[in-house]
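Please look at the sequence and the structure first.

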Amino acid sequence: MVGLSAAVTYGKVLIPSEEIAELRARLEAEGPAAGLHIAVPTSVDPIQLVLAGSQLFRRAQLLVHPDGRVVAGLGTAWHAVGSGPDRFEGLRAKIEAAPTSTLPMFTGFSFHRDGPRSEEWAGFAGAAAVLSQIAVVRADGESKLMLTARPGSQLTKLVDTLATLPDPPALEPFDPGDHSVVSHPPSAEWRAEVDEAVGAIRHGDIAKVVLSRSVVVTTEQEPQPFALAAHLRWAYPQCYVFVWQEGDATFVGASPELLLEKTARSIRVNPLAGSAPRGEGEADDRAIGEALMHSAKDRQEHALVVDDVAARLVPLLRDLQIPAQPSLRRMATVQHLSSEIVGTVEPSVHPMQLVDVLHPTPAVGGTPRAAALAFVDKFERMDRGWYTGGIGWLTADGDATLAIPLRCALIRGRVSHLYAGAGIVADSRPGAELEETRLKFRPMLSLLTAT
């Protein structure tokens, strides 16, 4: 089993001496022609890079795709933010004017267009893009080490930093010590919010709304977010594992839901809506899955999401393909109704244009969008921050992978804020929706409390 925390002291260095020598030789041979960017093959695992170096930089990121691709980055060669109703268009313009590079660019954004609203999310913008100084990209079984210098600085300084990065020791299970878990709002009050939502839906004000809640875990020991991600990568291989370090706060999780994937002219969107627990044993698990597939309540919730997403994509996509019915997607603790929507798009369409059209989907907000978001603003007593926003990467040639951050926690020192929500429709029952959020808390809660 992969461990969850790293010791403080380190032994040997992470980057093999021959790879450092190759970097130095490349720089010496190319001289000024090396410019601000250089890339070489490497044996280094991306997760090892961020485990070794994240404490040396204000920003660090890690993204793991279910297909095995992994991207990790340290430092900031270039950074841009956007906020307000035009945040995605503004960020797109800045990205297109950024220094050219073969490096993937990390990007993330909040649920609310005006950005995070509370002190716990201090430092996280409404939308952000980061080009790392040091990155390792792993795809198709091969890894590449990439360096990007800030304007006015030199690549030799980054090579010097790489040469001294320690090799992290074997990871060990995280021991939280004494710890507490507190719900926000209290469970009884959240059930009352669900009752309010059901009443509004039956009255015809909205068709669906997603209500979220939080638990705050305070531990005696500080968790190491990138070590937690190493476990999530092993325990939830079907998920998009992500970490975004911003100063002394780190956002980490393992999300089952893809917001958008763009490869050349192909677009894939995979909304999930309608959930049930996993069963005890194969027969029980199959029975629960079949019940979910035939649940009128869950099928209605899923259809509302798929219909809304498809309608938003129609103006931008051609050859739109929508499944006639959902499939069952089984995760470690939860199974979902899933529909994969695909189509083609003109090369000139930027991923941020698609994000602007899609976010927030009814899977995380509700429908109709304006009425559902107004309900969330009125009744939800927590700041979602980047939870149910977006997180992923963009490439220099316009490809993108963006997941919806779910099954996640914001960690700042010994305090971790965990987030989960449920889609409410006319037939929702508060007790059942509360239990669904508990299932969704489990991946992060079990790591942070060692249960």
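Cys-239 is buried, at 5% relative accessible area, where buried means under 20% relative accessible area, exposed over 50% and partly exposed in between (1.4 Å probe, protein chains only). Cys-408 is buried as well, with a relative accessible area of 1%. The model is predicted: local features need pLDDT of at least 70, side-chain atom pairs count only at pLDDT 80 or more, and totals for chains, interfaces and linings use all residues. Residues are numbered from 1 along each chain as its sequence is written, and side-chain values use heavy atoms, with hydrogens and water left out.

A disulfide is taken as a pair of cysteine sulfur atoms within 2.5 Å. By this rule the count is 0 disulfides. For Cys-239, which is in no disulfide, the nearest cysteine sulfur is that of Cys-408, 12 Å away. Cys-408 is likewise in no disulfide, and its nearest cysteine sulfur is that of Cys-239.

Aromatic rings come next. Rings of Phe, Tyr and Trp (its six-membered ring) pair if their centres lie within 6.5 Å; planes under 30 degrees apart count as stacked, over 60 as edge-to-face and the rest as tilted. The count comes to 9 aromatic pairs. Among them is the edge-to-face pair of Phe-88 and Phe-109, with 4.9 Å centre to centre and 80° between the planes. Phe-88 belongs to helix α3 (residues 87-96) and Phe-109 to strand β5 (residues 105-109), so the pair links distant parts of the chain, 21 residues apart. Helices (H or I, at least four residues) and strands (E, at least two) are DSSP runs, numbered from the N terminus.

Phe-88 is buried, and so is Phe-109. Another pair, Tyr-387 with Tyr-419, is stacked, at 5.5 Å centre to centre and 15° between the planes. Tyr-387 lies in the loop between α10 (369-379) and β21 (390-394), and Tyr-419 in strand β24 (residues 415-424), so this pair ties together parts that are 32 residues apart in sequence. The relative accessible areas of the paired residues are listed here.

| Residue | Relative accessible area |
|---|---|
| Phe-88 | 4% |
| Phe-109 | 0% |
| Tyr-387 | 3% |
| Tyr-419 | 2% |

Tyr-387 and Tyr-419 also belong to one aromatic cluster, whose members include Trp-121, Phe-124, Phe-242 and Trp-386.

What does the side chain of Thr-388 contact through polar atoms? The side chains of Thr-388 and Arg-384 are joined by a polar contact of 3.0 Å. Such a contact is a pair of N or O atoms within 3.5 Å; within protein, one must be able to donate a hydrogen and the other to accept it, and residues adjacent in sequence count only if both atoms are side-chain atoms. Thr-388 lies in the loop between α10 and β21 and is buried, at 2% relative accessible area. Leaving aside residues up to four places away in sequence, Thr-388 touches Phe-111, His-359, Val-364, Ile-404, Pro-405 and Leu-406, contact meaning heavy atoms within 4.5 Å.

Helix α10 has the buried residues Arg-369, Ala-372, Phe-375, Val-376 and Phe-379. They cover an arc of only 130° around the axis, which puts them on the same side of α10; the arc is that of the directions from the helix axis to the C-beta atoms. The face turned away from the buried side of α10 carries the exposed residues Ala-370 and Lys-378.
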